[in-house]
Amino acid sequence: MRFHGLSHHAATLCIVAALAAQPAAAKVISVSATTPDANEKLQEALILAQPGDTVQLGAGTWTLTDGLSLDVANVTLRGAGAGEGGSILDFAGQQGAGEGLLVTSDDVLLTEFAVLNTKGDGIKSKGADRIVYHKLRVEWTAGPKATNGAYGIYPVESTDVLIDSVYVRGASDAGIYVGQSKNIVVRDSVATENVAGIEIENSYDADVHDNVATKNTGGILVFDLPSLPMQGGHNVRVFENVVNDNSTPNFAPKGNIVASVPTGTGVLVMANRNVEIFDNVFDNNGTANVMIVGYRYEHKDPKYQPLPRAIVVRGNQHGKAGYAPKFPGGDQIAAAMGGSIPPILWDGAGDAIVLDKVGVLSLNLPDVKTPQGEAKPAPADLSKGTPPAALPAIKLPESMEAKVK
Amino acid sequence: MKRVFAALAAALLCASGGAAGSLPGVDQALVESDAMPPKLSAFGLFRGNDPKVPAAGIGYTLRAPLFSDYTDKHRFVSIPVGKKAKVAADGTIEFPMGTVLVKSFGWPDVNEGRPVETRLLIHRASGWVALPYIWDADGKDATLALGGRRVPVTFQSPDGATHSIRYAVPNKNQCKECHSLNGQIVPIGPKARNFILDLAASDKLRALYFANPEALKPVMPQWDDPKAGSVETRARAYLDVNCAHCHNPAGSASNSGLFLRWTDDPAGVNYGIGKRPTAAGRGSGGMEFAIAPGDPAHSFLIYRLESTEPGIAMPEVGRSTVHKEGAALLRQWIAEMPKASH
């Protein structure tokens, strides 16, 4: 592809390798935060990049007024770091677009920069297979506010997704949200002060491990919702995470499904099958460390499966939980049980196996159409059945793992 | 203006003697190359590079256009001589390679009526390519703006209100966000159900550009003409053009499960009726349903349409003002729905 106007940008776009060759040798396109029209110049760089290229973000604060987008395969967007002194993409003055950065191409690596205070979502990738999010920060710096954007890191409709070593704070829906995707790893990341810390929704085959989900409303959510192109979420492993102190009052705009998540939720599974929750460290989740429920809203989707099935809970460490249950009627149940409810809460729908040596409270509402007001809470023993065969670990393509080595 | 268009185009075609090859003025080799020339004039699409005078081609309008901040849009299509567009059985229009869809955007009271920008959608061997050009201050040529730009403008909308906005010329990727089907760029507006060839064009001229011009039967009503159709059909025409380019199963909003094509079942949950927000975030405005029948005030589809705030506003790109008239039509449509259906 020829581009005639290149000399025009020579001052700001430093092209470090021959441009003319086709296929071009991989090159680095450096863009400075302080250039006039930095927004336009960065967007141009993202458009003109060729497969294999790196767009290098200079250090400093980028004042951006419009969303950025990348639609070229196999491009790396790399900054000078996600913390102080790094590459900070500041969207506080954003005037358009539904997110700060949108990626719609395959084999993209995003690394070492921060995206702050976007009006909508932070970073979204759609139909972007083998995407790698690495060492990023997405943050709404004023902390939890209903006016913050919905999702921090938001891959959707993608196969092979790696989210590694990111920090997300303040999302009014989910900090890290993976939707309608397959073969997913979320690891070594921190989600704090979001409504949902990490959410895997309408997705297949995911490992969520070695993360810290703290001070959210709910720590880690595994959901399946009706009337979406991809549903029937299954095969999700949530393990070796620290899920504690998820005590932030729910600040999601009403109507969104996460607005129904009770404050003080550790891990919440809704209407999925084959979900394993093991070897996590739970503490200070006032409603429950683990909650397993059906989808209890009216829907008109005959293909939708609203029950949680084949959920396995084992080997977790349970600190304090259930001392402030924030679901309707929770206070009375806690009072009746001596001040707190057991750390594992099940609405009674579907089936689950709990091998942890802690109590389980069932609301005994096996039919999702029964109103929650008709709950008959009672301790339940879910340790008796035979667990399904353990799920295999998620294996991502080597090309993805190589990018974070 | 339209008459001039057609007459001029016809005259030029006669002058060229109908010889196969490039159209008079149009640099067809450049059109069909992979080049992204920095100046619009390089393509030779306009006579004397006057945006109101196409060098060749045929003008068209749409029954329902995509709202773009009250801009007037002047559209024409340049089809290489000897090739013809064809209306397919499903109503899509198949434009041959080398076609350029040219759309100029402006306001009567900005730049003395000259356009602010001209967008090209070019059918090349590699597929459709979208190129945005912004007219230079002297109005003599337009410059490629791959990265998009915000242009401050002040204009009056039809109701007499004055708007001062930073009009967003989309970048190349944003063009694709709307023009995307399964990740490939496609035209949005030109579908038989919506497409009106320049009424002044003779049958001969139509037949010059279209293999089956008789198949261009716009079934969608003129969205803003109450005599043209019921509120429901006009609302659906509006949604088809303003929303369904993303809100279809292969579009940019496929994951939302909200599908608003003219051909979608308007009673289904995927049309938004009783549909809960999926990834709307604060775009839900605290409401439970995209469309609450009989209750536009609690339908967040309306809330998003009437907002200009990023993160809430729909469509996500290409709009810095509220389309009052469009929103009013959709409000009326929802208000007239029987409440009992949910």
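These notes cover chain B, its two domains and its contact with chain A.

1. The model is predicted: local features need pLDDT of at least 70, side-chain atom pairs count only at pLDDT 80 or more, and totals for chains, interfaces and linings use all residues. Residues are numbered from 1 along each chain as its sequence is written, while chains are lettered from A and ligands numbered from 1 in the order in which they are written.

2. Chain B has seven helices and 13 strands. These are DSSP runs, numbered from the N terminus: helices are H or I with at least four residues, strands E with at least two.

3. Of the 342 residues in chain B, 52% are buried. Buried means that 20 or more other C-beta atoms, placed from the backbone, lie within 10 Å of the residue's own.

4. Domain 1 of chain B puts 27 residues into the contact, and domain 2 of chain B puts in 19. Two residues are in contact if their C-beta atoms, placed from the backbone, lie within 7 Å. On the domain 1 side, β10(B) gives the most, with five residues.

5. Between the chains, 44 residues of chain A are in contact with 45 residues of chain B. On the chain A side, α1 (38–48), β5 (66–70) and β8 (96–103) each give two or more residues. The largest share, five residues, comes from α1(A).

Definitions and conventions
A residue is buried if 20 or more other C-beta atoms lie within 10 Å of its own, exposed if 12 or fewer, and partly exposed in between; C-beta atoms are placed from the backbone. Domain bounds come from an automatic or database domain assignment.
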